[in-house]
Amino acid sequence: MGEEEGMVTHVVKNTANDKNNPKLTLLPLIALIFYEVSGGPFGVEDSVKAGGGPLLSLLGFLIFPLFWSIPEALITAELATSFPQNGGYVIWISSAFGPFWGFQEGFWKWFSGVMDNALYPVLFLDYLKRSMPIFNHLIARIPALLGITVSLTYLNYRGLHIVGFSTVVLASFSLLPFLVMGILSIPRIRPRRWIAVDFKKVEWRGYFNTMFWNLNYWDKASTLAGEVEDPSRTFPKALLGAVLLVVLSYIIPLLAGTGALNTNPSEWSDGYFAEAGMLIGSLWLKWWIQAAAAMSNMGLFEAEMSSDAFQLLGMSEMGMLPSIFASRSKYGTPTISILCSATGVIFLSWMTFQEIVEFLNFLYSVGMLLEFAAFIKLRIKKPDLHRPYKVPFQTVGATVLCLPPALLLLFVMNLASIKTFIVSGSVIILGLFFYPAIVHAKEKKWCHFNTREQLNDLQDRSAAAFELDQVAADDASLSLLGHTEKVQDSKTLSQEISTAD
């Protein structure tokens, strides 16, 4: 067994002092997943315009989650609880296909995550400039972008529990005006408006891209699984709660806006919910929705930054990146990893919204196809792997579960422009060269990496805590499709931890 292969299985989390590194509990984790995926209905307005009316938009947000969001959430729940360490999908891919492909997955997903995060400071200012036109000018816009990025990065540095608490507050503030709009719209709703559609005006490319972008990234929170309190119990419940929250946050505003207003679908574009709020309520509701949209972008930034940074930390703990990326501040946060991700955000913020969405969708799709393959491969390669939560299907059923979302991924990739193929292909090729370069740097000892002996020492020091987590999961009622797998006894667990692969 090679050194790299031995490093990638069952890598345990850093044993930071719990007082300086409080764990995420259920409610903050739901809020983080919500912001990884959605952040609210801001941006779904284009689905009405691209769908030629409300019908396809409403059907899309009811049907897409069934064969995209729910399967991805189920797979994430199984793999995140089987490998409850920072790094998430990097560990899954490494365990299934080896460290080379694990590194590629990490590079693609980190790059697409940083590209995604570059959107949110820009969108934040786009909402503010409606009331403060000064942000249309570069002399004010550039310092504001830098200030927002630095401020939100500092919040990440101060601790993941602070990020989790702040996302709970931001989610409550962002969703409340739409609940108010839904209540105010009830007397004006005409159900026949919901079934309006003009197929001659349907823009299928824009429609599918909007649906996909607003319903992806369910796997992102797995990169900080090592920071979750009792992940075997918490992750499945959090994913179920987040699925329900995301779907309702889209459906309720769309039902209210399209059912109460007799407007042309062409008027439904990014930011139209603010106008709908004014027509249904008054000017105060418009301002509230605009403020909620701005705050939502802050929550989206915080959640994405946390996942990207802890992914780099997990890869460093596995020996895939220099050990400096695993260094933590006194608040338990990965300082260098946060700075690296923030730097990427600043350098990518010059790109247009449409370019960023298409690029990150393509890279995300490539990575997800590899995750589905790893899910099936691990079912075959490691049938006895300890799975505190297990999707209630055998291997054939699990394969069938992956088919609809895999076909959707291929369809979205096929919609990409030539420019996207070139840029995304360049990123993929760059990752192929990075891995041997890092292996060479490790062999030449140009910088410090975690060695196999250090990882084994980490495993020995935290094996007991890991066993306690798994035993506790035996009593948990994991509600995601209501299926649990019997927990192995502590002796078997200890053997699995020390002899995996």
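Modeller: Helix 6 (residues 99-117) and helix 17 (residues 418-444) pack at an angle of about 130°, and their axes are 9 Å apart. This is a predicted model, in which local features need pLDDT of at least 70 and side-chain atom pairs count only at pLDDT 80 or more, while totals for chains, interfaces and linings use all residues. Residues are numbered from 1 along each chain as its sequence is written, and side-chain values use heavy atoms, with hydrogens and water left out.

Colleague: What makes helix 6 oblique to helix 17?

Modeller: Axes are lines fitted to C-alpha atoms over the stretch in contact, and angles run from 0 to 180 degrees between N-to-C directions. Angles under 35 degrees count as roughly parallel, over 145 as roughly antiparallel, 65 to 115 as roughly perpendicular and the rest as oblique. The angle here is about 130°, and therefore helix 6 is oblique to helix 17.

Colleague: Why are helix 6 and helix 13 called roughly antiparallel?

Modeller: Helix 6 and helix 13 (residues 283-317) pack at about 155°, with axes 10 Å apart, and therefore they are roughly antiparallel to each other. Their contact has nine nonpolar, four polar and four charged residues, including Lys109 and Asp116 in helix 6 and Glu304 and Asp308 in helix 13.

Colleague: How is helix 4 oriented relative to helix 11, and how do you know?

Modeller: Helix 4 (residues 54-82) packs against helix 11 at an angle of about 170°, with the axes 10 Å apart, which makes helix 4 roughly antiparallel to helix 11. The contact includes Phe61 and Leu62 of helix 4 and Leu239 and Val243 of helix 11, and by class it has 19 nonpolar, five polar and no charged residues.

Colleague: Which elements give two or more residues to the lining of the second largest pocket?

Modeller: About 310 Å³ of space lies in the second largest pocket. Helix 2 (26-37), helix 9 (160-185) and helix 11 (231-260) each give its lining two or more residues, and helix 9 provides the largest share, seven residues. The lining divides into 14 nonpolar, two polar and no charged residues.

Methods
1 Å grid on protein atoms, 1.4 Å probe; cavity = no way out; pocket = protein on both sides within 12 Å on 5 of 7 lines; lining within 4 Å. Points joined across faces, edges and corners; volume = space filled by probe spheres on them. Helix = DSSP H or I, 4+ residues; strand = E, 2+ residues; numbered from the N terminus. Nonpolar A, V, L, I, M, F, W, Y, C, P; charged D, E, K, R; others polar. Contact = heavy atoms within 4.5 Å.
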